[in-house]
Amino acid sequence: MQPATQAWGFAAVRLLGTVVIGCGVGWLFGNPWVGLAGALALHLVWVLMYLFRLEWWLRHRSYADPPDPGGVGGEIIAQVVRLHRRKRFHKQRFVQLMRQLQRSTAALPNGVVILNAQREIVWFNRMAARLLNLRRTGDLGMRIENLLREPEFARYLARKDLSNPVVIRQTTPADSYLSLQVVPYGDGQLLLLVSDVSRQMRLEAVRRDFVANASHELRSPLTVISGYLETLSHDPALDSDLQGPVAEMRRQAERMTGIIRDLLELSRLEETGEALGGEPIDVAALLALLRKDTVARPVHPRDIRVRVESDAQLIGDEPEIHSAFSNLVDNAAKYTPAEGSLEMRWWVDDDGGHFAVSDTGMGIPAEHIPRLTERFYRVDAGRSRSTGGSGLGLAIVRHVLQRHGATLEVQSTLGSGSTFTCHFPPGRIRAFRRPVTTVSA
Amino acid sequence: METADLSHHISRRFNEDLERVRSKVLGMGGFVEQQLRKAITALVEGDSSLGEAVALDDHQVNNMEIAIDEECSRILATRAPAAGDLRLIVAIIKTITDLERIGDEGEKIGYIASRLATMERPADKYREIKHLGRVVSEMVHDALDAFARLDVDSALRVARQDRVVDEEYEAIQRQSITFMMEDPRTIRRALDVMWVVRALERIGDHAKNISEYVIYMVHGKDIRHTSLDDVERELREGQRAAGAAAAPSA
């Protein structure tokens with residue numbers, strides 16, 4: 001039998017005993033009902049005292065030394081003590097887990113700040129306090145943008161797409177670059193990740209400066225070499241054995257000039273990182289110009305089509321857009337045989353403006369596509385050298401598109417051709433209003 | 001504490017209005033800080049296009065000032081704030097004026113920087129200006145931090161820092177005079193440099209003003225035109241009295 005059932009049994013027997021004794025004593029004195037009432041009253045007093053002791057203990061719980069009043073009350077106390085032990089066990093485990101979690105986040109090399117839906121600081125780790133100059137207790141509940149006032153960060157917060165971290169420059173307490181990323185989670189809460197990217201930024205700056213300076217320094221001697229080679233190749237007195245080598249030297253010198261020009265262009269694009277406003281560009285005229293350039297090539301695809309499906313204008317930096325588009329068209333022309341065809345297409349829809357160059361060349365193997373825009377990346381080393389590209393064309397395209405908030409999409413089927421598509425955001429597109437002067441002219 | 005006042009309001013909308021305008025002021029402050037930093041960089045590194053960009057962007061500061069001013073008038077008219085809230089609005093109206101002036105001084109520095117970039121640079125590469133610029137930028141930053149945190153101690157520190165700026169200003173002035181006397185050909189450049197140093201000194205004054213508004217906002221005390229030592233003593237006494245009053249009830 002279970003102890004609880006036993007206790008209830010005792011209680012029942014005790015009550016029955018009280019009733020019987022009360023009735024018996026009452027019967028002896030001639031009135032069993034009075035005896036019963038007296039016995040029950042006594043029992044009630046006893047029960048109340050019992051309850052009082054139980055309640056008193058519950059109020060001043062001393063779990064270390066629980067009393068044992070016996071009976072049902074004893075069982076109740078035992079249950080309460082058991083519940084308490086279980087709760088304490090879970091609580092300890094929870095506290096331990098919390099402590100571990102806190103210790104691990106504190107040890108993170110990155111700063112972590114938890115923000116609520118109002119962007120108020122809920123919690124942050126030690127690294128965040130150090131990097132962002134936050135105060136342990138005083139800054140809780142403060143809006144993050146009140147303390148992190150850099151305009152770039154405010155612009156970043158206002159953006160819909162937070163996946164790309166923003167880099168801000170801080171001068172206090174030390175001159176440093178911080179990369180900030182906000183990750184939304186849970187019920188409108190935000191996780192702000194902070195990392196110190198000063199080292200990377202400085203290395204990047206050194207690399208940029210080096211490339212720019214080296215290219216610049218190489219340009220002047222190369223100009224001299226090209227100049228002499230040009231004079232030499234036109235010299236009728238040149239030995240016929242040397243004519244071939246000199247012509248080749250001249251070609252290579254020209255190629256090198258091209259590479260250096262592209263490197264300088266790239267470093268200029270990198271230097272001025274942010275997207276610029278720009279002026280409206282007449283895409284139809286630009287494509288007509290590109291077509292003319294392509295036809296002027298010594299070897300070009302026979303069939304070159306231009307399909308302009310919208311007269312909307314593109315807002316951007318004209319020289320840069322021209323350079324990007326012409327790089328794409330050049331590539332297509334280079335890798336398409338003379339009997340193939342090349343198509344340039346410009347169209348506008350709800351997603352923005354799109355410029356596509358399709359060719360019927362040999363196509364690009366899928367594994368190369370993600371790496372195409374890397375500097376000097378060659379799909380096929382032997383073949384590309386023979387076509388004389390700098391290897392920087394697509395890197396330039398990528399940078400120009402980045403600066404205009406656009407993306408590059410590459411589709412290719414081996415053996416049947418490739419399509420390079422530039423997607424411009426709707427903000428870069430403006431419906432064309434024909435200027436009055438051209439109408440009258 | 002006064003900080004609690006901002007977050008416990010009967011009307012949640014009112015609360016949000018106050019918070020929003022406060023955030024706007026600090027956002028404007030962040031922009032001004034960046035303008036100042038860019039202007040100093042443009043000068044020290046001889047980057048004329050950066051200097052021009054700073055001068056061109058100043059209108060944004062003016063627009064922000066107008067927008068915040070309008071919002072403050074609206075709050076004053078529709079909510080009729082009292083006590084701490086009223087002080088907050090008054091402090092904001094004053095703060096944005098000073099921020100706008102800092103922006104103007106930054107514009108001036110940017111403009112001069114773009115002009116100085118075309119001239120020959122001195123041997124010390126404007127080291128003194130760089131240092132002074134750093135001190136002043138930090139003052140502006142700390143004053144805005146004090147504004148965000150309603151931190152009287154930091155505000156007092158900023159106000160004290162102004163003396164350092166004044167001393168530095170004197171030192172650079174003396175040095176420039178020496179240069180001008182040594183070689184009259186440098187007078188033109190030295191005069192431009194003096195304009196920049198003067199602008200930086202003025203920015204320091206504006207930062208000091210902002211930190212004074214913080215003290216006004218928190219304690220309701222106008223400490224303009226009083227010596228800082230007096231202010232500090234008075235604030236300490238005020239705190240002690242408040243502490244003594246709070247002690248028996250605890």
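I started with an open sheet in chain A: three strands in the order β6-β8-β13, paired antiparallel. For my own record, strands are DSSP runs of E with at least two residues, helices are runs of H or I with at least four, and both are numbered from the N terminus. Two strands pair if DSSP finds at least two bridges between them.

This is a predicted model, so I note that local features need pLDDT of at least 70 and side-chain atom pairs count only at pLDDT 80 or more, while totals for chains, interfaces and linings use all residues. Residues are numbered from 1 along each chain as its sequence is written, and chains are lettered from A and ligands numbered from 1 in the order in which they are written.

I then checked β8 (residues 313–316) of chain A, which pairs antiparallel with β13(A) over two bridges. A:L314 has A:I429 in β13(A) as its bridge partner.

Next, the interface. I find 17 residues of chain B in contact with 12 of chain A (contact: C-beta atoms, placed from the backbone, within 7 Å). On the chain B side, α2 (12–45) and α5 (127–149) are the elements giving two or more residues. α2(B) gives the largest share, 10 residues.

Notes: Contact = placed C-beta atoms within 7 Å.
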